[in-house]
Amino acid sequence: MIPRILRLAIAILVLGSGIVVGARAIGPAPALGPFVDPAHGVWSLARSASPRTRQRTRLAALGDSVSVVYDERAVPHIFARTEADAYRALGYVVARDRLFQLYAQTLAASGRLTEIGGAPALALDREMRHLGLPRAAERRTAAHADTGATMRAVRAYAEGVNAYIDAMPANALPLEFRLLGKRPPRWEPIDSYHLLNRMGWTLAFVALEHDRARAAARVGSAAAAALFPDNSPIQEPIQPTGQHAPRLDFHPLPPPGTPDSTDILLAAATDVWLPTRALARVAGDDESARWMASNNWAVAPSRSATGHALLAGDPHLDLSLPSIWYEAHLVVPGKLDVYGATIPGAPSIVIGFNRDVAWTFTNNAADVMDLYAEEVDDVRHPTRYRLDGAWSSIEQRVEKYRGKTGEAIATDTVYFTHRGPMQLVRGRWLSMRWTVLEGGRELDALMGGSRARSAAEFQDGMAASYQAPAQNMLAADRAGHITIRSVGRYPIRPGDGSGSRLFDGTKSASDWSGNVPVAQWPQAVDPAQGFLASANQQPIDPRATSVWFGGSYDPWRALRLNALLRTDSSLTVDEMRQLQTDPGSARADYFVPYFLGAVGRVAARGGAGLNPAVLTSAMRVLANWDRRYTTTNTGAVLFEAALREAAVQTWDEFAEQNDGRRVTPTSAVLAELMADSASAWWDDRSTARVEHRDDILASSLASAFLATRSRLGAPDQGGWQWGTIRFANIHHLLRIPALSALQLPVQGGPGTLAPSAGSGTHGPSWRMVVDLGPTLHAWTTYPGGQSGNPVSPRYRDRIAEWRAGQLEAVHVPLAPRELPEAQRSATLTLLPSRSRR
Amino acid sequence: MMILLVVAAVVVALLTWALGWWGVVVAALFIGAAQWQRRGITWITALAAIVAWSALLLVDAASGPFGAVASTIAGVMQIPAAVLVVVTLLFAGLLAWSAAVIGSELAGVVRSRRVER
C-alpha cells in the first residue's frame with residue numbers, strides 16, 4: 001500500500017501538472033484542456049462539420065427576414081428584400097464557412113501576423129507597414145462617407161460577420177483558432193479595405209525596374225534596356241490590332257557593355273520595400289511565377305456554337321486551402337441578382353455574372369509604382385523634406401508589433417511624404433508613390449458592376465470608380481456584345497512619361513500630373529475578329545499608342561489562346577472549358593525547332609565535342625514530343641530542362657550574385673535572341689572559343705538529357721512523365737501539411753494556358769464559363785471547397801474536378817422555390833430581432 | 001458500486017458540458033469529498049471520468065464525421081489518431097483521480113477535526 005501522504009503528494013503533483021498542461025499552451029502545442037474537451041473542444045468539430053440542414057437564427061441588424069438556400073455544391077443562394085440585408089447575410093454565411101480565413105487574411109494585410117506567428121513573422125509585417133498599407137486602409141475607410149451606399153454595404157457585411165461570431169456555438173470554433181489558442185475578433189469595416197489593399201500588394205507590383213537596374217550593373221544600360229524591354233518583343237496584344245497573326249518585334253540585342261550602377265538604388269529600393277515579392281520573383285527559376293498567369297476570353301455569337309456570347313475566365317493566384325474564393329448568389333428582387341466568386345471579406349461578387357452580363361478579370365501588370373529621391377533635414381531622424389526649395393513636414397507613424405500574447409515585440413517609425421512611405425536605402429531617403437495606396441472606389445465599382453444591364457454599362461461603371469490593382473476586365477452580355485478594357489489608374493509622369501527611373505523628389509514637377517484618360521486605355525468592343533482574349537500579355541501594341549504603361553508581360557499564353565480561338569469559328573461551351581486546361585504550348589512550338597535544328601547542324605559539324613549518342617537520344621525524345629504538357633507526357637521534362645539550361649548558359653553574364661539571386665531575361669527575349677544566331681550573348685565566357693546559338697542549344701540539350709537521365713532514369717523507364725515531376729501544391733493558410741493538398745499531378749506547364757510554376761503554389765484559382773443566352777447557363781469550379789473547416793466534406797471536395805479540368809453546372813434560381821428539394825443541401829433562415837418586427 | 005460509477009459519470013459529463021474540462025476537476029473533488037470513506041472511490045471517479053468523456057466522444061461521433069476529425073487532428077499533431085483518443089481519456093482519468101484523492105483527503109481532514117472538537 002502506498003502511504004496516504006505519498007498518495008496525496010502524487011495526487012497534488014498530478015493535478016497541478018494536469019492543470020498547467022490543461023490551461024497553458026506549451027510551445028506550439030495548444031492548452032490541452034480546452035483542446036481535448038469532448039463537449040466543446042476539438043472533438044466537437046464533428047458536430048459542426050456540416051451545417052444543419054434546417055436552421056433559423058436571428059440577426060439583429062436585419063431589416064427583414066432573409067432566406068439562404070444551400071445547393072448541393074454548398075453554394076448559398078441568398079434571397080433578401082434589401083441589398084443591405086443581402087450583404088448582412090453574405091457576411092454571416094462567409095463567416096460561418098470561412099471565419100479563420102477572414103481573421104488570417106486581415107492579420108496578413110494589416111501587418112499583424114506576429115500576433116499568431118510571433119517574431120518569425122516580423123519581416124512580413126514590416127513589409128506591409130513600411131509600404132503604408134494599414135495607413136492606406138485607414139484613410140480609405142475614413143474617405144468613404146458614413147452614409148454612402150458602399151460604406152452601408154461594408155457595415156452591413158460586418159454586422160453579418162459579427163452576428164455569426166456572437167452566436168457561434170462553442171463547437172463551431174474553427175480548428176485553427178483552437179490550435180492557436182485564439183478567439184475570433186470582431187470584424188471591422190476597415191478589414192474589407194485591408195483586403196483590397198492586400199490584393200493590390202499581390203497584383204500591382206512589377207520587378208522590371210529592379211531587374212533592369214541589376215542587369216545594368218553587370219552589362220551596362222543599353223544592354224539591360226534591351227534585355228528587360230518596356231515592350232514585349234512578341235506582340236499579340238489584348239486590344240486587337242486587326243492582324244491575324246502576332247507581330248514579332250525582334251531586333252539584334254546590343255552586346256554586353258560596361259557595367260553601369262547608376263540605377264542600382266532603384267533595385268535596392270525594391271529589395272528594401274518589397275523583400276518577399278522581390279525575392280519570390282527574382283529567385284524563381286520559372287518565369288511563370290513572375291506573372292499572375294490569368295486568362296479570359298469571350299466569343300461573339302457569330303463564333304459560338306450556341307449562337308450566344310460565351311465568356312470564360314480563370315484568374316491565377318496563390319493557391320490556398322481554403323480557397324481565396326467563395327461562391328455565392330445574391331438576389332434582391334428588382335435590384336440585384338448576381339452570382340459568382342466573392343473574396344471572403346469583400347461585400348461583393350468580384351467575378352461572376354448577373355442575368356444580363358458576365359465578367360472576369362486578368363491582371364494588368366502596368367507600372368503604377370514610382371520612386372523619388374528625397375532630400376531631408378536629418379538623415380537619422382528626418383522631420384522635413386525639401387520640395388521646390390521649401391521644407392515640408394514629414395508625417396511620422398509609429399508602428400507597434402505585438403506577439404502572440406499581446407506583448408510588444410518591436411516598434412518602428414514609418415515616415416511619409418505627400419507621395420507616400422519613405423525608406424532609407426543605401427544612406428538615401430526615398431519615397432514611393434503607388435496607386436494601390438491611393439485606391440479608388442473599387443467596392444463601388446464591383447457593386448455597380450453586379451447591377452449592370454449590359455457589357456458597356458459594366459465597363460463604364462468600372463472605369464468611373466476602379467483604380468487598383470489594374471485589371472483587364474472582360475465582359476459579355478446577353479445582347480451578344482463582348483468588350484474588354486484594361487481598367488485602372490495609369491499615372492501621367494513628367495518627361496517622356498516613363499516610370500522606370502528614380503525621380504527627383506525635391507521638385508513637385510516630378511509628381512504625377514494626372515491620369516491617362518479612359519479613351520487611351522487598351523480596350524475593344526465587338527471586334528471584327530469575333531473574339532477577345534487576355535492572358536497577361538502586353539495590353540496594347542506600342543505602335544498603337546503613345547502612352548507609356550510600363551510593365552512586364554508574358555506573350556506565350558496569349559499566342560496559344562489567340563491561335564486556338566482563330567481556328568475555331570464555332571466554339572461550344574465544352575470547348576471553352578477544355579481551353580482552360582489546354583496542354584499545348586506556343587513556347588514549346590517556338591523553341592523546339594531551334595533545338596532540333598541546332599543539334600542537326602552541330603552533329604553535321606562533328607558534334608563540337610558532345611557525345612553523339614547522347615545528342616541522338618536527346619534529339620529523338622524531343623523530336624517525338626507532341627509539345628503537350630499532359631501528366632503522362634514524357635517529352636516535356638527534357639524540353640523544360642533544356643530550355644532552363646539554355647537560359648543559364650546564354651545569360652552567363654548574370655551568374656548568381658552574392659545574395660543568391662540572379663536576374664534572367666524572359667523567354668520572350670530569349671526567343672528574340674534566337675533570330676540572331678551569332679549574337680555575342682551566345683558566347684560562353686568561360687571558354688576560349690566563341691560559341692554561337694547552335695553550340696549553346698546543342699550543349700544545353702545534351703546537358704539536360706544527361707542530368708534528367710541521371711535524376712529520373714532512362715527516358716523509356718517511366719520516370720520522365722510530366723505528372724511525376726510537376727505538381728500543384730495547395731497549402732493551408734497556416735501551411736500545415738495535414739490540412740493542405742500537396743503533390744497533386746496537374747496538366748499544364750510553363751507557357752500553357754494553365755501553367756504550373758515551379759513550386760506549384762500558384763495556379764488557376766477559379767474557373768468559369770458562362771453562356772449568355774436567353775436563359776443563362778454557367779459552369780464553375782475552384783481548387784478547394786466552400787467550407788474552411790478541414791474536417792468538413794466540403795473542405796476540398798472540388799479539387800478532384802479542378803485537377804481534371806472539369807466544371808460543374810451552377811444553379812441560378814430566381815426564388816428559393818426554384819431550387820428543388822433534391823438540389824438543396826441546407827437552408828438557413830435569418831430573422832430580424834423580435835423588437836424590429 | 002455500479003450505481004455510483006454511473007452517477008459519478010453523469011455528474012462528470014454534466015459538469016464538463018457546463019464548465020468545460022474544469023468540470024472534471026470540480027466533479028472529482030466533489031465526488032471524492034462526498035464519498036471519502038468509500039474504499040476505491042478515487043479509482044471509481046477516474047473510471048467515471050473516462051466513461052463520461054467516452055460517452056461525450058460517442059455523442060460527437062454520432063453527430064458527425066468523427067473519423068475525419070480524429071485523422072485530421074492526428075495529422076496536424078503528427079501522432080496516430082488512437083493516441084489522441086487515449087491522451088484525451090487519460091487526461092480526464094488523471095485529473096479525476098488526482099482531484100478525487102485531494103477531495104477525499106480534505107474531507108477526511110475536515111471530518112476528523114469535527115470529531116476532535
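In what order do the elements of chain B run from the N terminus on? They run α-α-α-α-α. The model is predicted.

**Chain B**

Chain B has five helices and zero strands. Its C-alpha atoms fill a box of roughly 60 × 25 × 25 Å along the principal axes. The chain holds 117 residues, and 49% of them are buried. Take the contacts in chain B between residues at least 6 apart in sequence: 72% of these join residues at least 24 apart.

**Where the chains meet**

Chain A puts 31 residues in contact with 29 residues of chain B. On the side of chain A that touches chain B, helix H1 (4–23), helix H2 (32–36) and helix H3 (45–48) each supply at least two residues. H1(A) gives the most, with eight residues. By type, this side of chain A divides into 22 nonpolar, six polar and three charged residues.

**Helix H7 of chain A**

Helix H7 of chain A spans residues 133–143. Its buried residues include A:Leu133, A:Pro134, A:Ala136, A:Ala137 and A:Arg140. Seen down the axis of H7(A), the buried residues fall within an arc of 160 degrees, so they line one face of the helix. An α-helix has 3.6 residues a turn, so residues three or four places apart point the same way.

What covers this buried side? The cover of the buried residues of H7(A) includes helix H4 (83–109), helix H6 (122–130) and helix H10 (189–203) of chain A. The face turned away from the buried side carries the exposed residues A:Ala142 and A:Ala143.

Three strands of chain A form an open sheet in the order S9-S28-S29, with mixed pairing. The edge strands are S9 (320–321) and S29 (741–745), each pairing on one side only. S9(A) pairs with strand S28 (residues 727–732) in the parallel sense, over two bridges. A:Leu321 has A:His732 in S28(A) as its bridge partner.

A:Leu321 is also joined to A:Pro322 by a cis peptide bond, with omega about -5 degrees. A:Pro322 lies in the loop between S9 and strand S10 (326–332) of chain A.

A cis peptide bond also joins A:Ala468 and A:Pro469, with omega about -10 degrees. A:Pro469 sits in the loop between helix H16 (455–465) and strand S21 (471–477) of chain A.

Is A:Ala74 buried or exposed? A:Ala74 is buried, because 20 other C-beta atoms lie within 10 Å, and the cut-off for burial is 20 or more. A:Arg426 is exposed, because 10 other C-beta atoms lie within 10 Å, and a residue counts as exposed at 12 or fewer.

Conventions. Residues are numbered from 1 along each chain as its sequence is written. Chains are lettered from A and ligands numbered from 1 in the order in which they are written. This is a predicted model: local features need pLDDT of at least 70, side-chain atom pairs count only at pLDDT 80 or more; totals for chains, interfaces and linings use all residues. Helices (H or I, at least four residues) and strands (E, at least two) are DSSP runs, numbered from the N terminus. Two residues are in contact if their C-beta atoms, placed from the backbone, lie within 7 Å. The arc is that of the directions from the helix axis to the C-beta atoms. Two strands pair if DSSP finds at least two bridges between them. Ala, Val, Leu, Ile, Met, Phe, Trp, Tyr, Cys and Pro count as nonpolar, Asp, Glu, Lys and Arg as charged, and the others, Gly among them, as polar.
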